[in-house]
Amino acid sequence: MFESTVLSSQSGAVRTLTLNRPAALNSFTAAMHEALMVALNAAAGDASVRCLVLTGAGRGFCAGQDLSDPAVNPDRSSGSSSGAAQGLSDVITRFYNPLVLRLRSFPVPVVAAVNGVAAGAGANLALNCDLVVAARSASFIQAFSKIGLIPDSGGTWLLPRLVGRARALGLAMLADKLGAEEAERIGLIWQCVDDSALMTGAMALAERLAALPVKALALARQAIDDAETMTMEAALNNEARVQRIVGTAADYAEGVAAFKARRNPQFTDR
Ligand code: T3D
């Protein structure tokens, strides 16, 4: 029987998407890319969703590109790999780049619950989420250099920003497996938890985020990302601009009213 490559479920205001090709460690095929984008668009367009959790089925989170895909497989027997190079570049621009941009502009917070190995684009998929929670047995591998590629899916942008140039180059060049504890210690991820606590921990975090003013959280993410390439003065101006937007929204009025009334706020903007 056909089983979807991306499973979707909802608990309260939290939508969970599960990559579902466990036999191949949830590596990406074109079909899984398409299914994930459909599921992401559905979640983004559903007002009941206030936080998204991304995880993987089985023992892996995501092993990046499915290397058995002929579109990205260099055919040495033909004496030329230019066809594969073209396919590889097409795969990146057609699938990975839009996926990264979708996640980084997602209207609500995104939590990665990394249940096992996250390699290549699978590692950077996780790192593009807002908060990354990983099981203690999980690991992150910038596997690209092992097969003669460079970090993609935002890896070159993300890694130095997350852990500094020295560690970014070490991770990218050596492609060693980085355990979840060490990933937390060096600031690559938000939190490492016991394996048995991964999904309860990730869900608790997601529920907490869902109860916050999610529109402001998404705009905070955008402003932080935008500030990377701004002068201090430009970042201050951008903060003032965004603050004008959230300052006229219902959530700000609700937050202040709840503070004054000493009650819990009920945020509704999205
Ligand atoms: O076109 C493009 O390439 C675009 C760019 C893409 C960006 C990328 O993601 S490039 C990087 C691609 N990913 C990798 O290079 C990782 C390859 N996988 C591994 O290095 C290892 O599998 C892991 C370190 C992730 C895990 O090792 P281990 O020992 O825990 O598991 P395993 O036995 O290697 O894998 C289990 C199964 O998953 C196995 O299948 P089998 O033998 O049981 O039938 C293995 O072939 C399959 N698998 C794992 N990764 C991939 C994969 N199948 C296809 N593609 C994979 N990437």
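User: Two strands pair if DSSP finds at least two bridges between them. Which residue of strand 3 stands opposite R15?

Analyst: This is a predicted model, in which local features need pLDDT of at least 70, side-chain atom pairs count only at pLDDT 80 or more, and totals for chains, interfaces and linings use all residues. Residues are numbered from 1 along each chain as its sequence is written, and side-chain values use heavy atoms, without hydrogens and water. Strand 2 (residues 14-19) and strand 3 (residues 51-56) pair in the parallel sense over six bridges. Within strand 3, the residue opposite R15 is L52.

User: How many helices and strands does the protein chain have?

Analyst: Both are DSSP runs numbered from the N terminus, helices being H or I with at least four residues and strands E with at least two. The C-alpha trace of the protein chain spans about 70 × 50 × 35 Å along its principal axes. Its secondary structure comes to ten helices and ten strands.

User: Which strands stand at the edges of the open sheet of six strands?

Analyst: The order in this sheet is 1-2-3-5-7-10, and the pairing is mixed.

User: At what angle does helix 7 run to strand 5?

Analyst: Helix 7 (residues 198-210) lies across strand 1, strand 2, strand 3, strand 5 (110-114), strand 7 (131-135) and strand 10. Angles run from 0 to 180 degrees between N-to-C directions, with axes as lines fitted to C-alpha atoms, for helices over the stretch in contact (heavy atoms within 4.5 Å). Relative to strand 5, helix 7 runs at about 175 degrees.

User: Which strands stand at the edges of the open sheet of four strands?

Analyst: Mixed pairing also describes this sheet, whose order is 4-6-8-9. A single partner strand accompanies each edge strand, so one side of each is left without a neighbour in the sheet. These edges are strand 4 (60-62) and strand 9 (178-179).

User: Which residue of strand 8 stands opposite V117?

Analyst: Strand 6 (residues 117-119) pairs with strand 8 (residues 139-141) in the parallel sense, over three bridges. In strand 8, V117 stands opposite S139.

User: Which residues of helix 5 make the contact with helix 4?

Analyst: The axes of helix 4 (residues 155-163) and helix 5 (residues 165-174) come within 7 Å and cross at roughly 130 degrees. Helix 4 contributes L159, P160 and V163 to the contact. Helix 5 contributes R165, R167, A168 and L171.
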